[in-house]
Amino acid sequence: MASAFEYAPAPESRSVVDIAPSYGLFIDGEFAEAAGGQVFKSVSPSTEEVLSEVARAGAEDVDRAVRAARAAFGKWSALPGAERAKYLFRIARIVQERSRELAVLETLDNGKPIRETRDTDLPLVAAHFFYYAGWADKLDHAGFGPHPKPLGVAGQVIPWNFPLLMLAWKVAPALATGNTVVLKPAETTPLSALFFADVCRQAGLPRGVVNILPGYGDAGAALVAHPDVDKVAFTGSTAVGKEIARTVAGTRKKLTLELGGKGANIVFDDAPVDQAVEGIVDGIFFNQGQVCCAGSRLLVQESVHDEVLDALKRRLSTLRLGDPLDKNTDIGAINSAEQLARITALADQGEAEGAERWSPACELPSSGYWFAPTLFTGVTQAHTIARDEIFGPVLSVLTFRTPDEAVAKANNTPYGLSAGIWTEKGSRILAVASRLRAGVVWSNTFNKFDPTSPFGGYKESGFGREGGRHGLEAYLDVR
Amino acid sequence: MSDKTEKIEKTGRLSVPKTYKLYVGGKFPRSESGRVYEVTDSQGKWLANAPLSSRKDARDAVVAARRAFGGWSGATAYNRGQVLYRVAEMLEGRRDQFVREVAAAEGLSKPRAAVVVDAAVDRWVWYAGWTDKIAQVIGGANPVAGPFFNLSSPEPTGVVAVLAPQESSFLGLVSVVAPVIATGNTAVVVACAKAPLPALSLGEVLATSDVPGGVVNVLSGRTAEIAAPLAAHQDVNAIDLAGADEALAKELEIAAADNLKRVLRPQAVDYFETPGTERMTAFLETKTVWHPTGALGASGSSY
């Protein structure tokens with residue numbers, strides 16, 4: 001959209017962070033090459049520039065890391081909670097101090113806007129370590145019995161959409177409860193986890209307590225299947241989550257899964273339209289829609305459909321897509337070529353199945369992986385784009401007439417992670433919220449996170465909760 | 001039948017033995033398969049023919065449990081507590097019957113069986129008291145760092161398949177069924193295979209205790225045969241594997257992964273001990289509902 005005021009570029013300097021030309025695996029407090037000598041490259045999704053070469057973990061490395069974590073477990077779990085707490089507080093502080101470096105690094109490696117890494121990811125990462133630090137010496141009060149015990153070695157596999165935040169969600173409660181950790185970051189975004197190894201070094205964390213194994217799905221599978229792992233935590237796709245559930249069946253391993261979603265964002269006719277539009281945008285275009293709890297299905301009451309859609313399209317026309325390091329950028333790059341291909345295929349399928357596609361006028365950079373914010377109208381529940389998780393900046397718009405219909409449509413999915421409700425009527429919020437089968441319900445807001453608040457899904461969005469007091473349970477032996 | 005034979009000799013009256021039937025959707029059907037199996041006491045003496053449930057019976061029970069879920073989970077916690085307490089009252093009223101059945105089923109002396117039955121009734125009362133407390137104990141308000149208010153509340157996960165323990169036909173059964181329904185789930189219960197009669201009689205108690213039909217459904221038969229379709233069923237949300245041996249538990253857990261059922265693995269339990277809350281929390285979801293708060297005083301027009 002032509003504007004009277006053009007923005008001048010306002011790029012954040014990338015010189016604040018040093019990226020080494022190569023990284024090893026972080027095992028037992030030291031960087032090491034992969035046993036098989038394999039490496040892979042991490043590229044910047046916005047430019048396709050190779051950022052670094054990273055050791056690729058295999059089964060042998062997983063075994064080594066699990067042994068290191070096992071060796072560290074005895075002392076770490078025996079440490080008084082107050083001492084463990086201090087390590088976590090130190091980590092939180094160092095993350096705060098180095099948050100600018102980390103924000104730039106995350107933006108380079110992931111492709112998300114600096115505005116989001118700086119203002120959302122990093123503050124939340126620090127907040128999670130602060131929150132769980134305080135629990136470490138108060139576990140007897142957490143409601144899981146008088147002497148809750150750690151489980152042992154936690155194998156954790158995290159995705160690429162919030163690389164450092166997902167690390168914090170997994171590592172902070174695991175360490176607070178006295179477990180030791182082997183974490184596998186995603187193959188497209190290993191750098192901030194490796195940077196975190198340096199944070200652990202600065203914090204003086206005992207060796208072996210945190211081990212980081214960059215690698216692909218094979219390393220994740222080996223970690224999940226390792227016989228000396230006591231706890232498996234996974235965030236990622238529902239298909240992989242099911243595979244993991246089968247793998248741990250019949251073992252002692254405790255399992256938590258944070259999986260996919262197809263969140264419904266329900267707009268009633270009395271909703272404040274401008275606020276709702278902001279929430280809809282936040283819900284599906286935050287992090288390029290690569291969010292498991294994204295509000296990817298917009299359910300609009302029929303009587304306000306046109307009004308909401310007009311306002312939404314107007315708002316989308318003001319979104320700025322481009323260089324993620326530019327502080328004015330709203331929409332960054334898609335994380336990988338593979339993900340871009342998936343989004344493209346599903347959007348094309350939406351068009352082929354007869355939904356009407358719309359994007360604002362939007363110039364895409366010539367290199368990197370980009371997808372314009374897109375919305376589909378005339379979507380029915382039978383359409384693929386209303387059923388499958390797209391994990392990209394693609395919004396499917398459906399309509400409803402009555403609250404009953406809204407609830408039925410919102411619940412008509414195997415997923416059950418998030419939902420949104422927009423209405424000025426309090427009783428309607430409470431009634432609808434109580435009938436939605438979803439782990440997080442945002443009313444008159446969307447995509448809000450906080451370390452004190454449990455997050456997690458119903459149905460095939462997984463089980464267990466992360467965050468809050470509930471998040472401790474995943475790492476404790478409870479009865 | 002030794003008791004009964006004795007009585008005939010003493011009084012000349014022929015006793016009226018019970019035909020044991022399933023309890024599904026608030027009704028007492030026979031197995032759709034028309035099959036029964038012989039249930040004996042610990043001495044091998046014939047007690048009754050119990051229905052040998054089929055896969056179809058399991059599926060019918062899931063349909064009944066699903067149909068009952070909305071009403072039962074939507075009832076107030078206070079109401080559910082009243083209904084559960086009513087079950088305990090009815091159990092107490094049939095105490096002698098259960099003592100007889102448990103003694104026969106588990107080869108216990110009458111006094112020992114009485115201890116078991118009393119513990120089971122007390123266990124049921126214990127869970128009746130939990131219905132309106134669990135949300136306060138495990139839910140709560142979260143101190144969000146921002147202008148938002150949010151609450152985390154537990155909600156029942158849905159239809160729970162319960163494989164009752166094999167070693168404790170009544171106390172064990174009650175200890176696994178009551179927590180599932182106390183929190184608002186509905187249950188499809190597979191009775192202890194060898195000693196199903198106390199479980200089938202529990203169905204009769206439930207039917208007369210204001211428990212809505214379908215909230216608890218009791219099947220008898222071979223555990224593995226009935227459990228397999230339940231673990232694979234796409235409309236079952238969770239499974240308690242208490243009554244499965246190691247090999248079966250693993251097989252069922254793998255099947256349960258297909259729709260990511262919540263799984264409670266078998267574990268060593270002393271059913272005489274007061275339980276923790278795990279049997280309730282295993283089948284609860286946590287829902288966190290957010291709303292913005294008006295920033296009172298910060299900006300005059302924000303609320």
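The paragraphs below walk through some aromatic rings, charged side chains and backbone angles in this predicted model.

We can begin with the aromatic rings, of which the structure holds 19 pairs over all chains. A pair of this kind is described by the distance of the centres and the angle of the planes. In the pair formed by B:Phe148 and B:Trp290, the ring centres lie 5.8 Å apart and the planes stand at 70 degrees, and because planes over 60 degrees apart count as edge-to-face, this pair is given that name. B:Phe148 belongs to strand S4 (residues 148-156) of chain B, while B:Trp290 belongs to strand S10 (residues 284-292) of chain B, so the contact ties together parts that are 142 residues apart in sequence. Both partners are buried, since B:Phe148 has a relative accessibility of 17% and B:Trp290 has one of 3%.

In chain A, aromatic residues also gather into a cluster, made up of A:Trp169, A:Trp442, A:Phe446, A:Phe449 and A:Phe455.

A:Asn287 sits in the loop that runs between helix H9 (273-285) and strand S13 (297-301) of chain A, and it is buried, with a relative accessible area of 0%. A:Asn447 likewise has a positive phi, of about 55 degrees, and is found in the loop between strand S18 (440-443) and helix H15 (470-473) of chain A; at 8% relative accessibility, A:Asn447 counts as buried.

Conventions:
Residues are numbered from 1 along each chain as its sequence is written. Chains are lettered from A and ligands numbered from 1 in the order in which they are written. This is a predicted model: local features need pLDDT of at least 70, side-chain atom pairs count only at pLDDT 80 or more; totals for chains, interfaces and linings use all residues. Side-chain values use heavy atoms; hydrogens and water are left out. Helices (H or I, at least four residues) and strands (E, at least two) are DSSP runs, numbered from the N terminus. Buried means under 20% relative accessible area, exposed over 50%, partly exposed in between (1.4 Å probe, protein chains only). Rings of Phe, Tyr and Trp (its six-membered ring) pair if their centres lie within 6.5 Å; planes under 30 degrees apart count as stacked, over 60 as edge-to-face and the rest as tilted.
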